[in-house]
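Take a walk through the model shown here. Keep the structure open and follow the residues as they come up.

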Amino acid sequence: MTAIAPAAISPRRPVPAHIERPEYVDKDAPTPFAGREVKDADTIERMRVASRLAAQTLQLVGKHVAPGITTDELDRVGHEFMCDNGAYPSTLGYKHFPKSLCTSVNEVICHGIPDSRVIEDGDIVNVDVTAFIGGVHGDNNATFLAGDVDEESRLLVERTEEALRRAIKAVKPGREMNVIGRVIESYARRFGYGVVRDFTGHGIGTSFHSGLIVPHYDEPHYNTVIETGMTFTIEPMLCIGTYSWDMWPDNWTVVTQDKKRSAQFEHTLLVTDVGAEILTLP
């Protein structure tokens, strides 16, 4: 399999003027979050709307993943759907990111920039979508199979989704955040997968990334106590080989050092009295 290489990036897509922008658009960095991780009822209801729209966008884009389409065309589909529904694509202009989705193909772990590369038969394609509407964000991603995918890659994708499911079941108020990574890593270790450490889940709400860190590997010092009303993402990235990574000169695209494949799945969650509610369902 040929390694993924940078390709041409099309001009930035416009967003209608009436759509509210996040405060960070075209700044070097967002304003640091100073609020509480536990959300009030109004914020939660607005997050339900943003998260559902993000999930619908992801579902729509996923239907277009097939050999012969470019990742830039996937970006167009997602961008137009979010804008048509009154949402701003959260990644567009976040720390100068130039597109409305992240599309991470094969050995790209995360933050791939949609471009002119054509998806090939046998590729696996991670699509990451975040929608901003009503002053809040909803964030999710999934890895899709393009055409006839080899068994090793198919199992990686299937097991990464299962790792996310198991991690969500482990979320309960009163437990420490490190339970999430412990569950993911213990499952991934069965298959010899590398679990990416340097890119994590995060708190989310009025801020795209609140500062709350949700690790996907077993690290006891992440001992923040999970509380009812918290909202955050879990988004494990599992690799067939090493979790060590390199970054392209674009300062976004992260690839495995050994060029073996990586898969990812993500949901935005609300902590309830008994567990976690998945907000990013279509």
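This is a predicted model: local features need pLDDT of at least 70, side-chain atom pairs count only at pLDDT 80 or more; totals for chains, interfaces and linings use all residues.

Residues are numbered from 1 along each chain as its sequence is written, and side-chain values use heavy atoms, with hydrogens and water left out.

Start with Thr-233. This residue lies in strand 9, residues 231–234. Strands (E, at least two residues) and helices (H or I, at least four) are DSSP runs, numbered from the N terminus. Is Thr-233 buried or exposed? Thr-233 counts as buried, because its relative accessibility is 0%. Buried means under 20% relative accessible area, exposed means over 50%, and partly exposed lies in between (1.4 Å probe, protein chains only).

Now look at the surroundings of Thr-233. Leaving aside residues up to four places away in sequence, Thr-233 touches Asp-139, Gly-201, His-202, Ile-204, Val-214, Glu-266, His-267 and Thr-268. Contact here means heavy atoms within 4.5 Å. The side chain of Thr-233 also makes a polar contact of 2.7 Å with the side chain of Glu-235. A polar contact is a pair of N or O atoms within 3.5 Å; within protein, one must be able to donate a hydrogen and the other to accept it, and residues adjacent in sequence count only if both atoms are side-chain atoms.

Three strands form an open sheet in the order 9-14-15, with antiparallel pairing. Strand 9 and strand 15 (276–278) stand at the edges with a single partner strand each, so one side of each has no neighbour in the sheet. On average, neighbouring strands of this sheet are turned by 40 degrees against each other, direction ignored. Such angles are taken between axes, which are lines fitted to C-alpha atoms (for helices over the stretch in contact); angles run from 0 to 180 degrees between N-to-C directions. Strand 9 pairs with strand 14 (residues 267–271) in the antiparallel sense over four bridges. Two strands pair if DSSP finds at least two bridges between them. Within this pairing, Thr-231 stands opposite Leu-270 in strand 14.

Turn next to charge. Side chains of opposite charge can pair when their charged atoms come close. The whole structure holds 20 salt bridges, each a side-chain nitrogen of Lys or Arg within 4 Å of a carboxyl oxygen of Asp or Glu. One of them joins Lys-99 and Asp-72, with the closest N and O atoms 3.1 Å apart. This pair links distant parts of the chain, 27 residues apart: Lys-99 is in the loop between strand 1 (88–89) and strand 2 (102–105), and Asp-72 is in helix 2 (residues 71–84). Lys-99 is buried, at 1% relative accessible area. Asp-72 is buried too, at 14%.

Which residues pair with Arg-117? Asp-123 meets Arg-117 in a salt bridge of 3.0 Å, N to O. Glu-120 also forms a salt bridge with Arg-117, the closest N and O atoms being 4.0 Å apart. Arg-117 counts as buried, at 15% relative accessibility. Asp-123 is buried at 2%, whereas Glu-120 is partly exposed at 45%.

Finish at Gly-135. This glycine sits in the loop between strand 4 (124–133) and strand 5 (136–145). Gly-135 counts as buried because its relative accessibility is 15%. Beyond residues up to four places away in sequence, Gly-135 touches Glu-20, Arg-46, Gly-205 and Thr-206. The C-alpha atoms of Gly-135 and Ala-87 are separated by 9.7 Å, with the two residues 48 apart along the chain.
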